[in-house]
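User: I am new to this structure and would like to learn how to read its features step by step. Could you take me through them, giving the general idea before each case?

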Amino acid sequence: MALLAASKQTHFNTNLARVSSPFSFKSVFFCSSAPSQPPNPITNEEFSIPADPNPDYSSAKTTGDEAPLPADANPDYSSAKLTADATPLREGRRRRNPEKVEDTICRMMDSRPWTTRLQNSIRQLVLSFDHELVYNVLHGAKNSGHALQFFRWVERSNLFQHNMETHLKIIEILGRASKLNHARCILLDMPKKGLKWDEDLWVVMIDSYGKAGIVQESVKLFRIMEELGVDRTIKSYDVLFKVILRRGRYMMAKRYFNKMLSEGIEPTRHTFNILIWGFFLSGKVETANRFFEDMKSREIAPDVVTYNTMINGFNRVKKMEEAEKYFVEMKGRNIEPSVVTYTTLIKGYVSVERVDDALRLVEEMKSFGIKPNAITYSTLLPGLCAAEKMPEARSLVREMVDKYVAPTDNSIFMKLIYGQCKGGDLDAAVDVLKAMIKLSIPTEAGHYGVLIENCCNAGQYDRAVKLLDKLVEKDIILRHQSTLHMEPSAYIPMIEYLCNNGQTVKAEALVRQLMKLGVQDPMALNPLIRGHSKEGTPDSAFELLKIMLRRKVPSEKSSYDSLVQSYLTKKDPAEAKAVLDSMIENGHLPDSSLYRSVMEGLFEDGRVQTASRVMKMMLEKGVTDHQDLIVKILEALLMRGHVEEALGRIELLMQSGIAPDFDSLLSVLCEKGKTIAALKLLDYGLERDYSIGVGSYEKVLDALLAAGKTLNAYSILSKVMEKGGSSDWSSCKDLIKNLNEGGHTKQADILSRMIGGKDKTARSKKGDKKAATA
């Protein structure tokens with residue numbers, strides 16, 4: 001596998017001996033095979049290739065004797081520190097080192113907009129701008145726009161004359177920020193300032209356009225270099241090869257390689273490493289192999305980077321036999337494999353499902369004193385999970401924790417947890433979660449969710465509850481950076497268990513955190529309502545129910561049933577009736593027994609009219625049961641004087657095919673002295689020709705007469721007689737007498753004539769009937 005690393009080149013002039021820190025910039029040379037440099041981490045797609053330590057590439061490198069000066073060795077900026085060192089400090093007090101001028105400028109630019117006021121503040125702070133100060137400000141600017149503004153300002157204000165190093169720094173900054181037009185203008189304007197172009201400037205521009213994906217501009221700049229008289233060396237060709245091969249332009253790379261040879265520029269090991277890497281990236285295995293042989297024919301010895309590239313290239317096309325061949329050849333040339341080499345082969349074995357060979361390589365590299373790194377573990381663990389070798393995976397996780405090596409891909413832990421749960425080893429799955437915590441890897445709700453789900457499936461609810469407590473207590477669900485969320489298959493069984501075992505409050509805390517993330521799952525909310533109702537906290541349940549209705553979350557009939565019963569148990573029938581109303585409004589049909597329970601609760605609580613309204617709802621829904629309770633409610637309404645309401649309910653009963661016992665109602669009213677209610681009820685029955693016994697008439701008339709309500713008695717008796725009722729009421733004479741005594745002689749006379757005329761009419765009708773028969 002190849003490592004594409006970036007080497008640094010420094011550009012110093014003779015006046016830079018006092019620089020507080022070494023000036024370096026990342027050039028486009030991403031290949032280096034220097035043995036002193038540790039290999040960079042590999043990625044899944046591209047592998048970095050360290051640069052070749054060719055003398056052509058390291059001319060600007062400082063030697064081992066030329067160690068950079070420490071920051072506080074600068075005489076211009078460390079006078080205050082030297083003074084502080086010379087002055088003895090008081091006991092118990094420590095002096096702060098003064099902030100460097102360039103750091104102060106960078107902080108000012110970062111916190112304030114670029115205005116004339118800021119420019120004046122910088123001028124007051126700095127008496128003169130030298131190369132070191134300007135370079136350090138450009139290097140320390142957090143924003144590329146600030147760096148560009150500062151670069152142009154010091155030049156236009158005649159505060160500083162830029163040289164090649166500062167131009168290179170600003171072009172490098174703008175290139176990283178993809179502000180390529182600005183960088184290009186600065187580059188092309190350099191001759192106007194009397195500065196000569198250096199190849200490194202063009203190399204940075206070509207590489208920046210390549211990273212931005214604008215390959216044609218990179219090629220165009222490469223061609224312009226020749227037209228403008230800028231010497232092109234192997235450095236320019238190397239960066240061009242890298243740019244065009246990254247985009248799969250392998251044919252163009254071959255053409256420029258031939259052009260390079262025609263110009264008399266000899267390729268280096270670094271060049272071949274780039275070309276081989278690029279051809280493998282484009283899937284041109286034979287071409288890469290041919291260039292490898294060409295490299296050896298030119299007596300350019302392959303290094304560890306070259307073999308890593310070859311091994312990785314054959315891994316990509318699943319040709320592990322070829323990869324193994326180059327691995328053996330590498331050892332035969334006495335080139336020691338690095339951790340990158342082993343990791344690359346391990347990745348190849350995992351890709352072809354040869355996990356046992358991958359494990360053998362891990363043991364081999366350990367035997368040679370090569371320690372697996374984070375990428376090695378990240379490469380091997382998914383393969384072990386896929387092959388269901390969970391004991392080996394558990395052992396590797398313990399090894400990572402002992403060495404405190406965190407993998408580069410955190411998704412591996414989810415695979416590990418899934419795998420251990422699938423294998424039935426919940427202890428190992430929990431250990432994975434503990435390993436994440438020990439490695440300072442953020443745990444997410446998805447990790448806990450998988451564990452909770454499998455604990456519930458295995459019946460280990462106590463362990464699941466403990467995991468849930470940690471999840472809710474630390475607000476892991478609400479972390480904005482989380483990408484793995486708790487699935488319904490995890491929280492639904494947990495919520496149901498908690499609600500069925502007296503822990504609804506804990507379940508509600510979980511649901512409310514889920515709701516903050518937009519989860520509106522009826523399978524989670526309805527159990528909460530039933531749980532609160534069961535535990536005797538119906539107010540909490542009703543609050544949740546209202547939230548569900550506002551958010552249009554479907555509710556279940558069982559939730560309403562349990563909530564109504566909970567309110568009735570707490571002797572709060574009014575709230576029970578409100579829940580019943582909501583139940584009907586939302587399309588649920590209550591059971592007959594639920595109607596009865598609510599009506600009985602209201603009736604016993606003295607809320608007769610409310611019970612009457614529930615009875616009305618019940619009858620309108622076609623439920624005609626509980627006639628004994630209906631009679632009680634009608635009787636209570638009449639006794640309390642709510643006669644019109646009672647008559648309305650009776651009308652509804654008659655429409656439903658239920659005839660109330662008028663005789664019983666009239667009898668009770670008369671006994672209780674509710675004569676007006678009895679009068680209205682009897683009058684209602686007479687108008688509609690309902691079946692009412694003669695005895696009921698007489699009871700009402702007797703009650704009215706006893707109460708001195710002679711006119712009312714006269715009125716009802718007249719209606720009875722008009723309907724053909726009997727006139728042999730024993731108290732008729734007493735009524736006539738009372739009417740006369742009360743001055744109602746006209747009514748008394750009419751009543752007397754009605755009674756007398758009724759007898760004659762009856763006899764006449766009887767004679768006519770006999771004649772018709774004859």
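Analyst: Let us begin with a term for later use: a crossing of two helices is left-handed if the near helix is turned anticlockwise from the far one by less than a right angle, and right-handed if clockwise. Please keep in mind throughout that this is a predicted model.

User: How are two packed helices described?

Analyst: In general, one gives the angle between their axes and the distance between the axes. Here, the axes of helix α26 (residues 522-534) and helix α27 (residues 538-550) come within 7 Å and cross at roughly 160°. That angle makes α26 roughly antiparallel to α27, since angles over 145 degrees count that way. The crossing of α26 and α27 is left-handed.

User: Which residues of α26 and α27 meet?

Analyst: From α26 come L525, N526, L528, I529, H532 and S533, and they meet P538, S540, A541, L544, L545 and M548 of α27. Sorted by class, the residues of this contact are eight nonpolar, four polar and no charged.

User: At what angle do α24 and α26 cross?

Analyst: The axes of helix α24 (residues 488-500) and helix α26 cross at roughly 5° and come within 8 Å, and these two helices are therefore roughly parallel to each other. On the α24 side the contact involves Y491, I492, I495, E496, C499 and N500, while on the α26 side it involves M523, A524, P527, L528, G531 and K534. By class, this contact of α24 with α26 holds eight nonpolar, two polar and two charged residues.

User: Are α5 and α6 roughly parallel or roughly antiparallel?

Analyst: The axes of helix α5 (residues 144-156) and helix α6 (residues 164-176) come within 9 Å and cross at roughly 150°, which makes α5 roughly antiparallel to α6. Their crossing is left-handed. The contact is formed by S144, A147, L148 and F151 of α5 together with T166, H167, I170, I173 and L174 of α6, and by class it has six nonpolar, three polar and no charged residues.

User: What covers the buried residues of α4?

Analyst: The cover of the buried residues of α4 includes α2 (101-111), α5 and α6. Helix α4 spans residues 131-140, and eight of its 10 residues are buried, so α4 is largely enclosed by the rest of the structure. The buried residues in α4 are H131, E132, L133, V134, Y135, N136, V137 and L138.

User: Where is A576 found, and which residues does it touch?

Analyst: A576 is found in helix α29 (residues 573-585), and it is buried, with a relative accessible area of 0%. Leaving aside residues up to four places away in sequence, A576 touches V564, Y567 and L568.

User: How should I read a positive phi?

Analyst: As a general rule, most residues other than glycine have a negative phi. N334 has a positive value, near 60°, and this residue is found in the loop between α15 (320-332) and α16 (339-351). At 71% relative accessibility, N334 counts as exposed. Y404 also has a positive phi, near 50°; Y404 lies in the loop between α19 (390-403) and α20 (411-422) and counts as partly exposed at 49% relative accessibility.

User: Finally, how many disulfides does a search of the whole structure find?

Analyst: A disulfide is, in general, a covalent bond between the sulfur atoms of two cysteines. The search of the whole structure finds zero disulfides. Take C455 as a case: the closest cysteine sulfur, in C456, is 7.0 Å from the sulfur of C455, which is too far for a bond, because the cut-off for a disulfide is within 2.5 Å. C455 is buried, with a relative accessible area of 0%, and C385 counts as buried at 13% relative accessibility.

Terms used: Residues numbered from 1 in each chain as written. Predicted model: local features only at pLDDT ≥ 70, side-chain atom pairs only at ≥ 80, totals over all residues. Heavy atoms only, no water. Buried < 20%, exposed > 50% of the residue type's maximum accessible area, 1.4 Å probe, protein only. Axes fitted to C-alpha atoms, helices over the stretch in contact; angles between N-to-C directions. Helix = DSSP H or I, 4+ residues; strand = E, 2+ residues; numbered from the N terminus. Parallel < 35°, antiparallel > 145°, perpendicular 65-115°, else oblique. Contact = heavy atoms within 4.5 Å. Nonpolar A, V, L, I, M, F, W, Y, C, P; charged D, E, K, R; others polar.
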